Amino acid sequence: MAPVPSFPVKVGHIDDVQELKKIKPSSIPERFVRDMIERPKLAAVTTPSTCSLNIPVVDLSKISNSQDFHNEIMKLSTSCEEWGFFQVINHGIDLDLLEKMEKISMEFFMLPLEEKQKYPMAPGTVQGYGQAFVFSEDQKLDWCNMFALGVEPHFIRNPKLWPTKPLDFSETVDIYSREIRKLCKNLLKYIAMSLGLNEDIFEEMFGVAVQAVRMNYYPACPRPDLVLGLSPHSDGSALTVLQQGNCSSSAGLQILKDNVWVPVQPIPNALVINIGDTIEVLTNGRYKSVEHRAVTHQEKDRLSIVTFYAPSYEIELGPLAELVDENNPCKYKRYNHGEYSMHYVTNKLQGKKTLEFAKIYDK
């Protein structure tokens with residue numbers, strides 16, 4: 001089954017941020033106000049162009065073209081090694097399906113609160129409607145409403161959390177998730193090629209891959225300089241696929257590059273891919289998962305749809321032998337992925353701290 005905490009979790013009262021915006025449009029409860037060191041700089045929130053860096057863009061149609069293959073694979077390698085993030089274009093997923101997924105996600109968040117609360121995210125878990133990764137009554141909260149579902153394999157699904165409204169929600173999520181799963185498998189083949197490995201090495205190793213989807217809704221915030229939409233973290237997955245809603249013209253996603261928070265400017269119809277902790281371990285640190293966060297906007301709401309793709313919970317993982325030698329000694333221990341998943345989902349988001357679980361430290 002999907003990981004759940006083995007200890008009681010008390011989270012205290014958690015305000016629904018969409019309701020806050022309706023009832024007290026100029027008020028921010030203290031639990032959302034970040035400590036000074038965590039607050040995003042206002043310039044980074046309101047004028048993302050203050051940073052000229054842009055994450056790489058990989059054209060998947062060029063990888064299937066023999067003339068462009070080498071250059072695009074090299075670009076993919078550089079993206080994974082130097083950024084841990086890239087946007088993919090010509091990814092092969094029907095744009096009407098992306099639009100439909102965005103539409104039903106938005107329709108769900110626009111439902112009355114009492115309807116959404118029929119699918120509650122239990123404290124300490126990561127499926128349902130609410131806020132994930134909250135483990136205490138005084139923990140700072142993100143300015144975000146989430147709705148998350150386990151998708152594959154079927155035993156991680158909780159049927160009670162799959163909504164009956166919108167009417168075509170479940171069918172759309174299933175079709176969308178199948179297409180994203182194909183994309184993840186292809187990306188892992190290309191990543192293997194970029195490392196000089198057998199192209200099927202990850203698929204053969206992962207078993208029946210675990211897949212989950214989470215929809216994030218970030219209402220406009222009267223003081224975006226005081227809050228975070230999502231706390232800084234790296235992902236515990238192998239790959240994460242982010243669809244930024246076409247209604248989201250503002251750059252809410254930021255990644256930490258050379259100790260600077262770099263905004264990711266949305267490209268229409270592109271998908272944002274990031275390397276998760278699992279690939280960092282398997283590549284012995286050559287491809288790194290990267291800390292990222294979400295910020296809010298004073299006037300614009302924002303929607304994102306995130307898919308997490310990871311190995312089966314039963315799989316034992318560690319650095320691939322092909323990527324360990326005298327010059328690159330083993331940096332991570334072997335571990336059971338289910339144990340790591342439990343460790344990840346039962347801790348609050350805190351940079352790359354959860355990856356310490358797997359690191360080997362010099363004595």
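## Ground rules

Because the model is predicted, local features need pLDDT of at least 70 and side-chain atom pairs count only at pLDDT 80 or more, while totals for chains, interfaces and linings use all residues. Residues are numbered from 1 along each chain as its sequence is written, and side-chain values use heavy atoms, with hydrogens and water left out.

## Salt bridges

Let's start with charge pairing. Side chains of opposite charge can pair when their charged atoms come close. The structure holds 15 salt bridges, each being a side-chain nitrogen of Lys or Arg within 4 Å of a carboxyl oxygen of Asp or Glu.

One of them joins Asp 301 to Lys 21, with N to O at 2.8 Å. Asp 301 sits in the loop between β11 (292-294) and β12 (302-310), and Lys 21 belongs to helix α1 (residues 17-23), so this pair ties together parts that are 280 residues apart in sequence. Helices (H or I, at least four residues) and strands (E, at least two) are DSSP runs, numbered from the N terminus. Asp 301 is partly exposed at 24% relative accessible area, and Lys 21 is partly exposed at 33%. Here, buried means under 20% relative accessible area, exposed over 50%, and partly exposed in between (1.4 Å probe, protein chains only).

Arg 34 pairs with Glu 38, their closest N and O atoms lying 3.4 Å apart. Arg 34 is buried at 3% relative accessibility, whereas Glu 38 is partly exposed at 28%. Together with Asp 142, these two residues are linked in a network of salt bridges.

In the bridge between Arg 223 and Asp 225, the closest N and O atoms are 2.8 Å apart. Arg 223 is partly exposed at 40%, but Asp 225 is buried at 17%.

## The largest cavity

The structure holds three cavities of 30 Å³ or more; on a 1 Å grid over the protein atoms alone, a cavity is a set of points where a 1.4 Å probe fits but cannot get out, and lining residues have an atom within 4 Å of a point. The largest cavity has about 160 Å³ of space, where a volume is the space filled by probe spheres set on the points, which are joined across faces, edges and corners.

Of the 18 residues lining the largest cavity, Leu 230, Leu 242, Leu 253, His 292 and Val 306 are the closest to its centre. β12 gives the most to this lining, with four residues.

Technical notes:
On a 1 Å grid over the protein atoms alone, a cavity is a set of points where a 1.4 Å probe fits but cannot get out, and a pocket is an open set with protein on both sides within 12 Å along at least five of seven lines; lining residues have an atom within 4 Å of a point.
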